[in-house]
Amino acid sequence: MSKSERTKAFIIETVAPIFNRSGFSAMSLSKITEATGLTKGAIYGHFENKEELAIESFKFSVRKVLKDLNKTVNKGETPLEMLKNIAVFYEDYYEYNKQFGGCPILNIGVDANNQNKVITQLVQSYNHRILERFSQLIEKAKDTNEIKKSIDSMLYAKRFFYMIEGAVYMTHIMKDDSYLKDLSTVLQQIIKQELQK
């Protein structure tokens, strides 16, 4: 990595939690320069504008979450075990995502929805990827005869995802991780009682 690339990466890593906590409009240049210890010129020497920095910060946070989610999911030896590991990952998600200032998908999705079309579309694209990943896991479990063939994979992927985001929201608003703990239990029950053969 060149010095310029290292500086850019440092800015993104430093700004990502600020952007996630504060949102787009509240992410001021003064907060960015204070957090990074860099000048305005140094910041804008690496990013065209605040929107570009916000986009790169969001991508950084979400990619880290998805990488760690996949790492947990991939510990499963069968598609069904991998599906169950989604519940395992989110059980401790409250503590896990404190490093990001909260869940980036939820925080930035809500914040950008009425403010920035480009970031909103980016959030939507990541949501589609997550839904596809969940749906593919269910399909693979159907192929290995672990899950009923009649199951609508995308329907259950959507159910899992909106349950996850709802539990994430309640956990952060109430500062109570019991919502995510319960979510993990409920997801496991749904898989066992509704999906499994």
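Start by selecting Tyr93, which is buried, with a relative accessible area of 2%. Keep in mind as you go that this is a predicted model.

Tyr93 and Tyr96 both sit in helix H6, three residues apart, or about one turn of the helix. Tyr96 comes out at 18% relative accessibility, so it counts as buried, the cut-off being under 20%. Across the whole structure, a search turns up nine aromatic pairs. In one of them, Tyr93 and Tyr96 are stacked, at 5.8 Å centre to centre with 25° between the planes. Widen the view by selecting Phe89, Tyr90 and Phe100 too: together with Tyr93 and Tyr96, they make up one aromatic cluster.

Next stop, Asn97. You'll find Asn97 in the loop between helix H6 (93–96) and helix H7 (104–112). Is Asn97 buried or exposed? It's buried, with a relative accessible area of 0%. Which residues is Asn97 in contact with, leaving aside neighbours within four places in sequence? Show Gly102, Cys103 and His172 and you have them. Zoom in on His172: its side chain and that of Asn97 are joined by a polar contact of 3.2 Å.

Tyr179 belongs to helix H10 (residues 178–195). At 30% relative accessibility, Tyr179 counts as partly exposed.

Note on methods: Residues numbered from 1 in each chain as written. Predicted model: local features only at pLDDT ≥ 70, side-chain atom pairs only at ≥ 80, totals over all residues. Heavy atoms only, no water. Helix = DSSP H or I, 4+ residues; strand = E, 2+ residues; numbered from the N terminus. Buried < 20%, exposed > 50% of the residue type's maximum accessible area, 1.4 Å probe, protein only. Polar contact = N/O pair within 3.5 Å; in protein donor to acceptor, adjacent residues only side chain to side chain. Contact = heavy atoms within 4.5 Å. Phe/Tyr/Trp six-rings, centres within 6.5 Å; stacked < 30°, edge-to-face > 60°.
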